[in-house]
Amino acid sequence: MNPICRQFALLALLLSAAWVSTAQAEDEFTAACAAILRGDYETGRAELARLQQRGIKAPDAERVTNWLERYREAFSRREQMKRATFDWNVQKAQQALADGQLYFALSFAAQAASYATDEEAFSSQPWVRELTAKVEEEAARLEEAQRWTRVHSYYVLLKRLHPKNKDYERRRQQAERVARLELLYKNKKELERRIQDVNKDLLRNAIRLIHKNYYREPDFQTMAAGALDNLMALASTAKLHEFLHGLGNPVTRTAFVDGLKQLRETLPAEDEYDYRELLKLYNRVSFLNAETVELPEALLVVEFLEGALRELDEYTSVIWPVDAPDFDKMMIGGFEGVGIQLNIDERTGRLKVVTPLEDSPALEAGVQPDDLIIEVNGQSTKGWSTEDAVRNIMGPAGTEVTLTMFRPSTGERLTFRLKRRNIVLKTVRGVHRLPDDPQKWNYILDEESGIAYIRVTGFHPETQDELIKALRAAEQQGMRALILDLRHNPGGLLDVAVQTVSTFVSKGEVVSTGGRYEPRTSIPVSQEPYHVDVPVVVLVNEGSASASEILAGAFQDHHRAIVLGERTFGKGSVQRVMPLGNKARLKLTTALYYLPSGRSPYKDAETDVGGITPDVEVKLTPKEFRQVLKRETESYVIHNEAAAQSQPSPEEREKALEALKDEGTSQDEEPPLLSDEQIKALEGDPVQPPQTDAQLDTALLLLRVKLASNIPWPQQLAARIEPAAVAP
């Protein structure tokens, strides 16, 4: 072979070796990325390390290695935080127990349980058993004294400490039943409002509709027991004794309760118990009532039916005549009011503005986040719930309402006279509002990789249009992949959820429904898809319910997205709203939802099985969850700040807030279970969580790796991912 030929042969051999080396590097890099996307971080890390040791350079290998290392470091910090938080709460609980502060100790112990690596081992520790025994004694004493709100608080924490103890849950429900009645019927005016336009025909109609339409054969015997239990709880409601003389008289009250107990004892002897027997039971109760306490028949109807329906499922309920207008407003995804998102201020117990809403009278008038609403039309809001606020602040468009506010940041008392109008709730959000236009969003979470973030808070009539606009804006901002956040999204309109699935899925079934008498009905993709190929991760948690679960489950079954987070709520049932008369309606579970694979998200109360299990499970601790909620709220808040003329000193601000807290407080009110100092101590955990969102960070890692490796994911890879906890 001549020299020139030998040179060409050598060059060809070198090029061939380089090509083989490059191809091998790409294959090994792809295998490492595939392991990471399956949640097998150790294998992915080891494969990347081997590439580096052998000096083989693969495109993006260094970036993927850096992303994975940062994720591992964050995971390590989370584990350290969990251990330190557990130790701190245990130490505080043991100290409070030694000091004889039972509820304080129980509060710390319940917090510790959320961070225990082994819940059963923790709840079996000697000091926890000692605390539990003493708390049980105190709860029994409070129950004897009929201090039901406190009893309920004790059993809520006992259940957190011993999550598998069914007796604690039963006692919690019993206490909740009476505490709820005390809250509902706090005075005669509230009682008369609740039972307005109620009659016996509503009860008859409701029970017959349940017999004909419930999604499975109703257990009328269990419903009967629930009805009687609820009436016995009604008789134990001390507030009612003050203005219902029959219950206030110990002789007639005892006769009524004894009669209810006798009726309760006869229930197990019945061989067959259908809807007719339940109606007969009501007639017996009505006769007993007439012979003893003489409660208003409307009250008897309301609480008999409330107790019976509680035993069916948590979604079947009666919309009583007085509540019908508010129910209608909730169903349309908008309302007539002034546009304020509210909650209760922990410090003062007053109504607090979370944020004024977009396109609202409150925003235009200058209402600010953290303003406290102290009067509505001259009436003090001391002791108001958010339901009281809704009832008094909302009203017909064009009418006016006057709100008196206290602004903690300036110490001012301000009066806003606002004209109500129709408010349309916005349900689609991004990463943060644009500084030059706070009613628009930035949707890009990772500019380098082009990963967008869109949060959907509910499925309302305008949601699909909002989502399409958000996707178009995200495209203009550089979207190459998407994180769709459905955490604590309670659902909404089914057809809107179907439209959302259809935005990303080109064909096939989205969901089907079927019940005892309702035939199986399939609902397919409803329109041409807007985004077929963009990689998607869907974030869910236990607050994701109903339509959110349908969307997440359909994405799983079509292998369209990776679902990441925690198991969803399990609200996989269909409710139909049926008229009862006198404006009342029955919201009745008539069918279940079924996903394309045939499974249902519905969670059975007895087996606790249901919901959507994520492909990749990442659980947040309570403090991480609170941090995520805080960040989401802050991103949503519209700051509407005017320059303050003067700022109060910290001492003046503290004094003003204490005055609001004490204003209108009755000397007869029972002191809280925890003092302000104890609450501060419970919240004084020195162990701060990392300023990250572990679920969002995991989604980012997966999408970054997907984009860097160009693996055919999620459509193909999703089918091979087994649900597993993420642990690098």
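**Close-up views of a predicted model**

Among contacts (heavy atoms within 4.5 Å) between residues at least 6 apart in sequence in the protein chain, 75% join residues at least 24 apart. This is a predicted model, in which local features need pLDDT of at least 70, side-chain atom pairs count only at pLDDT 80 or more, and totals for chains, interfaces and linings use all residues. Residues are numbered from 1 along each chain as its sequence is written, and side-chain values use heavy atoms, with hydrogens and water left out.

**Overview. The protein chain.** The protein chain has 26 helices and 23 strands. These are DSSP runs, numbered from the N terminus: H or I of at least four residues for helices, E of at least two for strands. Of the 728 residues, 50% are buried (under 20% relative accessible area, 1.4 Å probe, protein chains only).

**View A. Helix 3 against helix 26.** Helix 3 spans residues 61-98 and helix 26 spans residues 694-709. They pack at an angle of about 165 degrees, with axes 10 Å apart. That makes helix 3 roughly antiparallel to helix 26 (angles over 145 degrees). Axes are lines fitted to C-alpha atoms over the stretch in contact, and angles run from 0 to 180 degrees between N-to-C directions. The crossing is left-handed (near helix turned anticlockwise from the far one by less than a right angle). Helix 3 contributes Arg63, Val64, Trp67, Leu68, Arg70, Tyr71 and Arg78. Facing them in helix 26 are Ala694, Asp697, Thr698, Leu701, Arg704, Val705 and Ala708. The contact residues divide into eight nonpolar, one polar and five charged. Here Ala, Val, Leu, Ile, Met, Phe, Trp, Tyr, Cys and Pro count as nonpolar, Asp, Glu, Lys and Arg as charged, and the others, Gly among them, as polar.

**View B. Helix 11 against helix 15.** The axes of helix 11 (residues 220-235) and helix 15 (residues 275-291) come within 9 Å and cross at roughly 20 degrees. The two helices are therefore roughly parallel (angles under 35 degrees). Their crossing is right-handed (clockwise). Phe220, Met223, Ala224, Leu228 and Leu231 in helix 11 meet Tyr275, Leu278, Leu281 and Val285 in helix 15.

**View C. The surroundings of Asn541.** Asn541 sits in the loop between strand 18 (536-540) and helix 22 (547-557). Asn541 is buried, with a relative accessible area of 4%. A polar atom of its side chain lies 3.0 Å from the backbone nitrogen of Gly543. Leaving aside neighbours within four places in sequence, Asn541 contacts Arg487, His488, Glu566, Arg567, Thr568, Phe569 and Phe625.

Terms used. Parallel < 35°, antiparallel > 145°, perpendicular 65-115°, else oblique. Polar contact = N/O pair within 3.5 Å; in protein donor to acceptor, adjacent residues only side chain to side chain.
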